[in-house]
Each structure stands twice: as C-alpha cells, then as structure tokens.
Amino acid sequence: MPTRIVVVDGPLDLIRTLAPLTRGSSDRTIRLGAGQAWVALRTAAGDATIHLRHEGGRLRCETWGPGAEVLLERADRLV
C-alpha cells in the first residue's frame with residue numbers, strides 16, 4: 001500500500017476538518033474518529049480509499065485502490 005507522511009504545521013482536528021465532507025451519519029464513504037479518518041473517493045485513475053492517522057506533528061496517509069497514487073499526492077490538500 002502506498003504511504004506518505006505529511007508534516008503538520010499546527011494543530012489538526014481531523015473530525016472538525018473533514019466533517020463537512022460527510023452526508024449524514026450513514027455516509028459509507030467516510031468514517032471519522034479520534035485522530036484518524038477513512039475516506040473513499042473517486043479519482044481520474046479510479047476509486048481509492050485513504051486512511052489518515054494524526055501522529056503528533058505528522059499525518060500518516062495510506063491508500064488503496066486504482067487511484068491510490070493520485071489520492072496520496074493530494075492528501076495534504078484534503079486536510
């Protein structure tokens with residue numbers, strides 16, 4: 001699985017940052033939890049899933065699927 005570490009310059013709350021992307025509590029494309037998030041998206045290269053885990057001043061990003069590399073390149077823009 002492709003992995004990328006993004007350095008976080010300041011405080012980051014994944015729930016508050018990504019909550020506007022959800023479409024209600026039954027949205028199957030996003031799961032938010034304390035310090036981590038799972039997001040499924042479509043890219044030009046195909047569908048992909050990304051797992052974001054906030055680890056201190058870093059954000060560990062792991063991706064799966066045909067569009068994994070594209071999503072990994074854009075991970076910093078997602079948050």
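## An aromatic pair

The structure, a predicted model, holds 1 aromatic pair. The rings of Trp-38 and Trp-64 have centres 5.5 Å apart and planes at 25°, so the pair is stacked. Rings of Phe, Tyr and Trp (its six-membered ring) pair if their centres lie within 6.5 Å; planes under 30 degrees apart count as stacked, over 60 as edge-to-face and the rest as tilted.

Trp-38 lies in strand S3 and Trp-64 in strand S5 (residues 58-64), so the pair ties together parts 26 residues apart in sequence. Strand S3 covers residues 36-43. Helices (H or I, at least four residues) and strands (E, at least two) are DSSP runs, numbered from the N terminus.

## Basis of the model

Residues are numbered from 1 along each chain as its sequence is written. In this predicted model, local features need pLDDT of at least 70, side-chain atom pairs count only at pLDDT 80 or more, totals for chains, interfaces and linings use all residues, and side-chain values use heavy atoms, with hydrogens and water left out.

## A nonpolar patch

Met-1, Trp-38 and Trp-64 make a nonpolar surface patch of about 340 Å². Patches are made of residues with over 30% relative accessible area and no salt bridge; like charges are joined within 9 Å, nonpolar side chains (Val, Leu, Ile, Met, Phe, Trp, Tyr) within 5 Å. A salt bridge is a side-chain nitrogen of Lys or Arg within 4 Å of a carboxyl oxygen of Asp or Glu. Accessible areas come from the Shrake-Rupley method with a 1.4 Å probe; for residues, only the protein chains shown count as cover.

Trp-38 is partly exposed, at 37% relative accessible area. Trp-64 is partly exposed too, at 34%. Buried means under 20%, exposed over 50%, partly exposed in between (1.4 Å probe, protein chains only).

## The sheet

An open sheet has 5 strands in the order S1-S5-S4-S3-S2, with antiparallel pairing. Strand S1 (3-7) and S2 stand at the edges with a single partner strand each, so one side of each has no neighbour in the sheet. Neighbouring strands are turned by 25° against each other on average, direction ignored. Axes are lines fitted to C-alpha atoms, for helices over the stretch in contact, and angles run from 0 to 180 degrees between N-to-C directions.

S2 and S3 run antiparallel, joined by 4 bridges. Two strands pair if DSSP finds at least two bridges between them. Gly-33 stands opposite Gln-36 in S3.

## A loop residue

Pro-20 sits in the loop between helix H1 (14-18) and strand S2 (30-33). Pro-20 is exposed, with a relative accessible area of 67%. The C-alpha atoms of Pro-20 and Ala-75 are separated by 16 Å. These two residues are 55 residues apart along the chain.
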